[in-house]
Amino acid sequence: MDTAWTAALGAVQGLTEFLPISSSGHLAAAELAAPRLGFEGAGGEEPLLFGILLHVATLAAVLVYYRAAAWDAIRGFGRGVAALARGGLGPAIEADEGTRLAAAICVGTLPTGALGLALERPTGGIAGSPLALGLCFLACAAILVATRWWPGGARRLDWRVALIVGIVQGIAVLPGVSRSGATIAAGLALGLPRDEAVRFSFLLSVPAIAGAALLELDGAALAGAGEISPLVAGCAAAFVAGFASLAVLRRIVRGGRLWLFAPYVAAVGAALVIASRA
């Protein structure tokens with residue numbers, strides 16, 4: 001692996017993972033376009049471990065950016081388990097912010113995992129079809145446009161909101177549908193404050209990213225580690241780009257301008273649909 005190439009891949013991963021433009025969709029689009037452009041990959045086939053480490057790096061960016069809330073959720077999870085053992089989980093959730101956040105993440109993660117497994121086969125089909133992938137991009141663009149009329153509100157994060165956002169996150173495993181864009185839009189549509197919609201979207205991504213990395217990790221992945229310095233360069237770039245994109249996206253959502261990404265996403269979708277007819 002070339003260090004400059006892995007750093008570039010890491011930066012792309014960090015940006016597209018959090019900005020509402022679909023990292024999986026861009027990867028699928030690039031793979032579909034490569035043969036037509038006579039391009040077979042600048043750096044050769046990257047080991048599976050590299051992709052896993054990039055996801056871990058973006059996961060670290062979330063945990064560092066939202067470190068205070070993440071720590072509250074971790075401690076709240078412990079308090080929630082203790083309260084559940086005493087038979088008083090409901091009052092604990094109402095009384096403690098960290099426990100409420102931990103419970104919401106747990107509730108949202110359940111449908112995400114179930115839908116992720118159920119949609120595994122359709123995901124592969126969409127990734128291999130320019131028409132299906134383009135339509136998913138266009139659907140994502142429509143969701144982003146709709147946020148112009150979903151300004152958010154003052155609703156408190158509860159299990160109902162967490163469940164719906166978790167379902168949306170599960171559906172967003174489809175290539176071309178941005179996980180961050182869809183879940184933030186869902187939070188805004190349900191009346192969460194803008195900052196809370198962003199915060200919950202990214203904290204809810206932590207179990208999903210960690211779970212996906214664990215499912216992909218195996219002995220073959222570890223055996224294909226290769227050189228260390230390119231891996232480090234890619235992970236560092238993914239972390240820095242991910243952290244920066246989190247800060248940028250939070251500011252954009254605060255200003256009610258998530259829809260600004262819609263024209264770009266729609267253009268990618270339209271290009272794929274047109275290409276499918278060629």
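Biologist: Rings of Phe, Tyr and Trp (its six-membered ring) count as a pair if their centres lie within 6.5 Å. Which residues do ring pairs link into a cluster here?

Modeller: In this model, which is predicted, the cluster linked by ring pairs is made up of Y65, Y66, F239 and F243.

Biologist: And how many aromatic pairs does the count come to?

Modeller: The count comes to four aromatic pairs. One of them joins F18 and F202, with 5.3 Å from centre to centre and 85 degrees between the planes, an edge-to-face arrangement.

Biologist: OK, new topic. How many residues are in the largest nonpolar core?

Modeller: The largest nonpolar core has 54 residues, and F202 is among those with the most contacts inside it, as are L101, I184, F200, L249 and F261. Helix α11, which spans residues 194-216, gives the most to this core, with eight residues. There is also a second, separate core of six residues, including F50, A57, L231 and A238.

Biologist: What does F202 touch, apart from residues up to four places away in sequence?

Modeller: F202 touches F18, V62, Y66, R179, S180, I184, L246 and L249.

Biologist: There's an arginine in that list. Is R179 buried or exposed?

Modeller: R179, which lies in helix α10, is buried and yet has no salt bridge, since E17, the nearest side chain of opposite charge, is 5.1 Å away and a salt bridge needs a distance within 4 Å.

Biologist: What does the side chain of R179 reach, then?

Modeller: The R179 side chain reaches the backbone oxygen of S201 at 2.9 Å. Beyond its neighbours within four places in sequence, R179 is in contact with Q169, A172, S201, F202 and S205.

Biologist: Last one, about G10: why is it called buried?

Modeller: G10 is called buried because its relative accessible area is 0%, and the cut-off is under 20%.

Key:
Residues are numbered from 1 along each chain as its sequence is written. This is a predicted model: local features need pLDDT of at least 70, side-chain atom pairs count only at pLDDT 80 or more; totals for chains, interfaces and linings use all residues. Side-chain values use heavy atoms; hydrogens and water are left out. Helices (H or I, at least four residues) and strands (E, at least two) are DSSP runs, numbered from the N terminus. Buried means under 20% relative accessible area, exposed over 50%, partly exposed in between (1.4 Å probe, protein chains only). Lys and Arg count as positive and Asp and Glu as negative; His and the chain ends are not counted. A polar contact is a pair of N or O atoms within 3.5 Å; within protein, one must be able to donate a hydrogen and the other to accept it, and residues adjacent in sequence count only if both atoms are side-chain atoms. Contact means heavy atoms within 4.5 Å. A nonpolar core is a set of buried Ala, Val, Leu, Ile, Met, Phe, Trp, Tyr and Cys residues joined through side-chain atoms within 4.5 Å. Rings of Phe, Tyr and Trp (its six-membered ring) pair if their centres lie within 6.5 Å; planes under 30 degrees apart count as stacked, over 60 as edge-to-face and the rest as tilted.
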